[in-house]
Amino acid sequence: MRQEYGNDIFYHYTDFQALDGILSHAQLRVNNVLNMNDAAEMRHFMKGLRNAVVKRLEDEGEKIHARNVRELFEEELEKEFFYSAYAACFSFYRDDAAQWERYGNRGRGVCIAFHGDLLQMMVEGNLSLHQVFYQDDMTGHKLVEVFYRLVMEGEELSVDNPKIKKAMNDAWICSVVYKHPSFSSEHEVRLIIYPYETDYFDVKPCYHVTTERIKKYYPLDLMAMCKKVGVGLEDLITELIIGPESTQSTSILQDYLKDHGLHRLAGQVSSSSCPLRRPPT
């Protein structure tokens, strides 16, 4: 599914270590959604979808079908890690307090501006760009009707059934771009990879080892992506905003950019004007 975003700028809030990876190595990491702050959202969506299908069947007196649907989803929820997607997250909001606090290293990081229309041109195959939707009650979701019709048409409720498998895959994909309405102020867009969708996927996974755990991620080659659509890295990345709580020197960051050959971007560095100030401890 392709979504058109026109000339929107997408803002990626992160820390300076990640910025170095993006600029020094022209590499954007997409991380496992299950390791993000909103890891429970996938489960929340799948359970909400299950409950909506079960309720509709129970309301129509289809108690056995309702029980079978519940069992099908319970079995699927145990496969959560297999279906986990990998994503890089962006917001439509520039210099936003909530984004700094949640994703910009508590205001000590940096905000990177990406051209949304160029990102859209770069996505293909397993890589896709989706605007996050915010919904609590799944009753009116289109997948409720899909599962309901499959049940009422007598389809075997097994993931070995190709129709059921497709519907369940669609549900898992949808869960990756779902968030609870309490997050709706983020206006989020996600660049997503679904490694499980095909047997062949030419981006090899990497692992980041910290003192506490090992994280799996996929590195996207930004230079190759830019080359594919005939643009440079400074066409894709148009601005850097230093976080409101950061101690980063603007002039040193500009020197860093110039020494990496990013002279145009060096002229597009600014400091946040967001009044994010944490009370003294």
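Colleague: What percentage of the 281 residues in the protein are buried?

Modeller: This is a predicted model. Buried here means under 20% relative accessible area. Of the 281 residues, the buried share is 47%.

Colleague: How many helices and strands does the protein have?

Modeller: The C-alpha atoms fill a box of roughly 70 × 45 × 40 Å along the principal axes. The secondary structure in the protein comes to eleven helices and twelve strands.

Colleague: What share of the contacts with a separation of 6 or more is between residues 24 or more positions apart?

Modeller: A contact needs heavy atoms within 4.5 Å. Among contacts in the protein with a separation of 6 or more, residues 24 or more positions apart account for 81%.

Colleague: Why is strand E8 described as largely enclosed by the rest of the structure?

Modeller: Strand E8 covers residues 188-193. Glu188, Arg190 and Ile192 point one way, Val189, Leu191 and Ile193 the other, and all are buried. In a regular strand, side chains alternate between the two faces of the sheet. E8 is largely enclosed because its buried residues number six of six.

Colleague: Which residue of E8 stands opposite Tyr86?

Modeller: Strand E3, residues 86-91, pairs with E8. The sense is antiparallel, over six bridges. Opposite Tyr86 stands Ile193.

Colleague: Which residue in E8 is the bridge partner of Gln131?

Modeller: Gln131 belongs to strand E5, residues 127-131. E5 and E8 pair in the antiparallel sense over five bridges. The partner of Gln131 in E8 is Val189.

Colleague: Which residues lie closest to the centre of the largest pocket?

Modeller: The largest pocket holds about 1200 Å³ of space. Its lining has 39 residues. Elements giving two or more residues to that lining include E3, E8, helix H1 (16-24) and strand E10 (214-221). Closest to the centre are Thr14, Asp15, Ala18, Asn31 and Lys215.

Colleague: How many disulfides does the count come to?

Modeller: A disulfide needs two cysteine sulfur atoms within 2.5 Å. The sulfur of Cys226 is 18 Å from the closest cysteine sulfur, in Cys111, so that pair is too far for a bond. For Cys274 the closest cysteine sulfur is also in Cys111, at 11 Å, again too far for a bond. By this rule the number of disulfides is zero.

Colleague: What relative accessible area does Cys274 have?

Modeller: Under 20% counts as buried. Cys274 falls in that class, with a relative accessible area of 8%.

Colleague: What is the phi of Ala26?

Modeller: Most residues other than glycine have a negative phi. Ala26 sits in the loop between H1 and E2. Ala26 is buried, at 8% relative accessible area. Not a glycine, Ala26 still has a positive phi of about 50°.

Colleague: Is His187 buried, partly exposed or exposed?

Modeller: His187 is in the loop between strand E7 (178-179) and E8. Its phi is positive, about 45°, although it is not a glycine. At 32% relative accessibility, His187 is partly exposed.

Colleague: Which residues does Arg50 touch, not counting residues up to four places away in sequence?

Modeller: Arg50 is in helix H2, residues 40-59. Arg50 is buried, with a relative accessible area of 9%. Leaving out residues up to four places away in sequence, Arg50 touches Arg70, Phe73, Glu74 and Leu77.

Colleague: How far apart in space are Thr211 and Arg70, C-alpha to C-alpha?

Modeller: Thr211 lies in the loop between strand E9 (206-209) and E10. Thr211 is exposed, at 85% relative accessible area. In sequence, Thr211 and Arg70 are 141 residues apart. In space, their C-alpha separation is 40 Å.

Colleague: How far apart in space are Met223 and Gln27, C-alpha to C-alpha?

Modeller: Met223 lies in helix H8, residues 222-228. Not counting residues up to four places away in sequence, Met223 touches Ala26 and Leu233. Met223 and Gln27 are 196 residues apart in sequence. Their C-alpha separation in space is 7.9 Å.

How values were computed. Residues are numbered from 1 along each chain as its sequence is written. This is a predicted model: local features need pLDDT of at least 70, side-chain atom pairs count only at pLDDT 80 or more; totals for chains, interfaces and linings use all residues. Side-chain values use heavy atoms; hydrogens and water are left out. Buried means under 20% relative accessible area, exposed over 50%, partly exposed in between (1.4 Å probe, protein chains only). Helices (H or I, at least four residues) and strands (E, at least two) are DSSP runs, numbered from the N terminus. Two strands pair if DSSP finds at least two bridges between them. On a 1 Å grid over the protein atoms alone, a cavity is a set of points where a 1.4 Å probe fits but cannot get out, and a pocket is an open set with protein on both sides within 12 Å along at least five of seven lines; lining residues have an atom within 4 Å of a point. Grid points are joined across faces, edges and corners, and a volume is the space filled by probe spheres set on the points.
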